[in-house]
Amino acid sequence: MDTMVPLAEAGIRPVFDNSYARLPERLFARLPPTPVSAPRLLRLNRALAEELGLDPDWLASEAGVAMLSGNLVPPGAEPIAQAYAGHQFGHFNPSLGDGRAILLGEVVTPDGARRDIQLKGSGPTPFSRRGDGRAAVGPVLREYLISEAMAAFGIPTTRSLAAVATGDFVFREGALPGAVLTRVAASHIRVGTFQYFAARRDHDALRVLLDTAIARHDPAAGEAANPALAFLEGVAARQAELIARWMLVGFIHGVMNTDNCAVSGETIDYGPCAFMEAYHPETVFSSIDQQGRYAYGNQPAIAHWNLARLAECLLPLIDADENAAIEAAQGALSTYAARFGAAWRDGLLRKIGLGPAEDGDEELLQDLLLRMADGKADFTLTFRRLADAADDVAADGVVRALFADPAAYDGWAPGWRLRLAREPAGRGLAMRAVNPLYIPRNHLVEEALAAAVSRDDLGPFEALLAVIQRPFEEQPGRERYAQPARPEERVTATFCGT
């Protein structure tokens, strides 16, 4: 298939400066995206384009859509598929890599930040492992929705620049319309990237990769006495903060494999992810997580496990004496639990309107979570309606109604009000600033994706996207987007979509 747009027609285009493509070639494979038959723009993130210093009008043009679909490789782009390995559900695969993604290159934003521009669903690569390298419209739009919701929550995340229909079909459980997602990331360096070279005992490549990751994400580590150790500490700190922040909005990643753990501290790879409605720490949505390894409440421990795998890779760069390296790495990782615990506790305190922790606060928080779990209370609405109750005791009735047994709330609220009385007045406003009213509820996501896939109707997708881009604001007329699924609407399993 040859539908490449002639370069002479490219017009205004991104200016790439591809640092990763200048590294030794065993870190990646050079190849262009595979062209598609009839690219059509489904969604362009114009605001993100402007942040990146790109021209959204050019991106929406024929040449721009050709680039976003893989039909045009502009001058200056150096498309590559990155090599990486990974532990998948605890089992190590030494050779994964970008099996359906091509990194077009990197752009430097107006504020000097470097960002990857990657096409997902852009055709087979040497890492495809007999896969077709393509993606379907449903998973592409899911990643667009969820990643942009995470950005709206203020959670570090990869972003979605565009979704393009290909005009071709991909074959999964049946024939599905194909699409390509343009993903933007601080980088695509993963724990699994380090594992790939550690498994091959390629210490030279590990050093190059470490230097690259430090320059990209943690320049201060490069000035430390032990850069590898300082880098490990930085990754641990970023992961601790990230996991706490996404759990504070009820997010379940679904596949926290080491190849889905970015050293930048951004959330990456939105496959069978979901947002919890009724609170319970054992909640799982991913259809492939049969044992609950990546359940909501397991996520902090899994992140720590992933960090231990990174530490193993870095040992030869930390110290030539293996025992000394292990001891130093263990010391670096020992800070993770305290960092996560503080971020989680302080975040929960803000969600219930409290400032710096006092004696008894952690017990107050744990009591609330236990009562929510027993009472199947909606995670998002419980905290949001507590903001109303903080301003007006008459709003207690709305919170009570969220519990299967309203008396469970009655048993907790008096202690909360006594503690809240020691805080400044008007706590409801601060609470509403950290407790979203709208999340991408699973039934609404599935409704939007079904309309797009089966009827080529993007209306529900656009409506949901508009709501979740302002998650903390009351939006009159959009009350259904704040409501939990009715029993017949509940989505109990989400799928990877690859």
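**Notebook: cysteines and overall build**

I looked up Cys-313 first: at 5% relative accessibility, Cys-313 counts as buried, where buried means under 20% relative accessible area, exposed over 50% and partly exposed in between, with a 1.4 Å probe and protein chains only. I note that this is a predicted model, in which local features need pLDDT of at least 70, side-chain atom pairs count only at pLDDT 80 or more, and totals for chains, interfaces and linings use all residues. Residues are numbered from 1 along each chain as its sequence is written, and side-chain values use heavy atoms, with hydrogens and water left out.

I then looked for disulfides (pairs of cysteine sulfur atoms within 2.5 Å). The count by this rule is 0. Cys-313 is in no disulfide, and its nearest cysteine sulfur, that of Cys-261, is 11 Å away. I also checked Cys-273, which counts as buried at 1% relative accessibility.

Next I turned to the whole chain. Buried residues are 57% of its 498 residues. I found 18 helices and 12 strands in the protein chain; these are DSSP runs, with helices as H or I of at least four residues and strands as E of at least two, numbered from the N terminus.

I looked up the span of the C-alpha trace along its principal axes, and it is about 70 × 60 × 40 Å.

Last, I looked at contacts (heavy atoms within 4.5 Å). Of the contacts in the protein chain with a separation of 6 or more, 72% are between residues 24 or more positions apart.
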